[in-house]
Amino acid sequence: MTFSPRVRVRVRVLALALSAALALTFGLAGCAPSASPIPAPTAATAIPAEYATFYQQQLAWTNCGSGDQCATASAPLDWAAPTGPTISLALVRHLATGGTRLGSLFVNPGGPGASGVDFVKQSLNYAVSSQVQGAYDVIGFDPRGIGASTAVKCFDTSADLDHFIFDLNTQPRASAAWLDSRAADSANFAAACAKKSGDLLAHVDTISAAKDLDMLRAVVGDSVLNYLGYSYGTLLGATYADLFPTRVGRMVLDGALDPASSNIDVLLNQATGFESALRNYLSWCLQQKQCPFAQGGAGHPGSAPGAAEVDGAMTIVGKLLDALEKSPLTGKDGRQVGADTMLTAIIAPLYSNSQWPALTQVFQAVAGGSADAALASADSYYNRVNGVYKDNSTEAFSAVNCLDYPVSADRAQWARDAATLAAAAPVMGPYLSYGDAVCAAWPTKSIRTPAPVKAVGSPDILVVGTTGDPATPYQWAVNLAGELPRGHLITYTGEGHTAYNKSNSCVNNAVDDFLLSGKVPVADPRC
């Protein structure tokens, strides 16, 4: 069906297989102040008796490579029915390396659908600084429905998921026949998820995951939750703060979602965010030699292009997508690249400007009639390696979002939303529309109602936003910091998705100072 739902919001280090996502040289944080104790909770944290079995369980940590320890916790499938069926939650722990231990720091890389266990095991230095590693046991966890925890399952084979993601809808876009085909494919996907996942499918919402997180906090022996959430992980962290404000320790939310945003708000902001990121990429590309969008392909190094040149390049991208809609390219493995897959291939490298050269390679290859570079880029987005999906992130992404965001099944509303997206983002908007088809067919109804968080009684919380972040636009960080009663905004002026440990020493120092000593900036440092 060539499915293009909401854009994923997660740190891209695990998914990107293009060029050198891990070869960046990041600025190290400056010398941090000495670690200081974390204050005790400000209110009683008594646990209801019916939850005691879970909150008092003992984890059996075992070595699982590279000095890490792994464990599995048990949680109720439904927190409203704690004596009912249970699920498993996977964790990994990297013990504090320094002399003064402050407790545990739970880390989530986003998604929804990304594995926190893989993130910590494979990318610890990308996740947190060495100073933070010295002071905390860094814990990665797979939220319910995801990865090595009790996981959402939909298809038996990678080929089945290939058909859902990459097969073309050959009907005229947005026509009744096109919508019928999309609705049928969505219904088949939803039915497959319901058949393979069973009752789990109704309980992978963010509110339930936040309740799991409070239980995990207790079983590792911490009186408050210290937490670093990236991307979707900021929604999980903000939800936790709303539910358990007096159990918040030191919390950092980087690449923030606004919990008050509706599904269409998210789509609209992401469409305009990626459209802006594409313009920024094209402005950079036009200054490079061999830029495929420069007149004659020569580029003009060192000379910033005019707005008209960037507009012209955007028009070329739009025409390319239109051409692929009508005449897809076929890759060596038989998969086809139409407009939707090409859009995914464009979006994946836009998460980080370090990936812009890879995007140029994609455009060059497609201009030469080859689909394979675009397919490789799309595969990196879906964590598909050698024809095999390495995780269940695609299925989990839909399962969580369908519970977290109410959607309409009204096709007239879809058309109005599509017109709004196309007006706001003329190049990308048309291909980010009609994603509601999947959740409209979902076998369970949404649980969460988007609304501002209150978190009354919570301590200071740091919110980090990047001005050029396409996946979680900067305004969301501004909004979330304003919603939190003691929210503190750290602005990074730059490109890319998320900033801590990936941007400059100004951001790194602000976050490290907070995690290590509880120090918050007097005002936004505007890094």
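A: A network of salt bridges links Asp 162, Asp 333, Arg 335, Asp 379 and Arg 384 in this predicted model.

Asp 162 is part of helix α4, residues 158–166. Its side chain forms a salt bridge with that of Arg 384, at 2.9 Å from N to O. This pair joins distant parts of the chain, since Asp 162 belongs to helix α4 and Arg 384 to strand β12 (residues 384–385), 222 residues apart. Asp 162 has a relative accessible area of 13% and is therefore buried, the cut-off being under 20%. Arg 384, with 10%, is buried too.

Asp 162 also has a polar contact of 2.5 Å, side chain to side chain, with Tyr 389. Leaving aside residues up to four places away in sequence, Asp 162 touches Asp 167, Arg 335, Arg 384 and Tyr 389.

Another salt bridge within the network joins the side chains of Asp 379 and Arg 335, with an N to O distance of 2.8 Å. Here Asp 379 sits in helix α12 (residues 372–382) and Arg 335 in the loop between β10 (329–330) and β11 (336–337), 44 residues apart. Both Asp 379 and Arg 335 are buried.

The count for the model comes to 17 salt bridges. One of them pairs Arg 486 with Asp 460 at 3.2 Å, N to O. Arg 486 lies in the loop between α16 (474–483) and β15 (487–495), and Asp 460 in the loop between α15 (436–440) and β14 (461–468), so this pair ties together parts 26 residues apart in sequence. Arg 486 is partly exposed, at 43% relative accessible area, whereas Asp 460 is buried at 16%.

How values were computed
Residues numbered from 1 in each chain as written. Predicted model: local features only at pLDDT ≥ 70, side-chain atom pairs only at ≥ 80, totals over all residues. Heavy atoms only, no water. Helix = DSSP H or I, 4+ residues; strand = E, 2+ residues; numbered from the N terminus. Polar contact = N/O pair within 3.5 Å; in protein donor to acceptor, adjacent residues only side chain to side chain. Contact = heavy atoms within 4.5 Å. Salt bridge = Lys/Arg side-chain N within 4 Å of Asp/Glu carboxyl O. Buried < 20%, exposed > 50% of the residue type's maximum accessible area, 1.4 Å probe, protein only.
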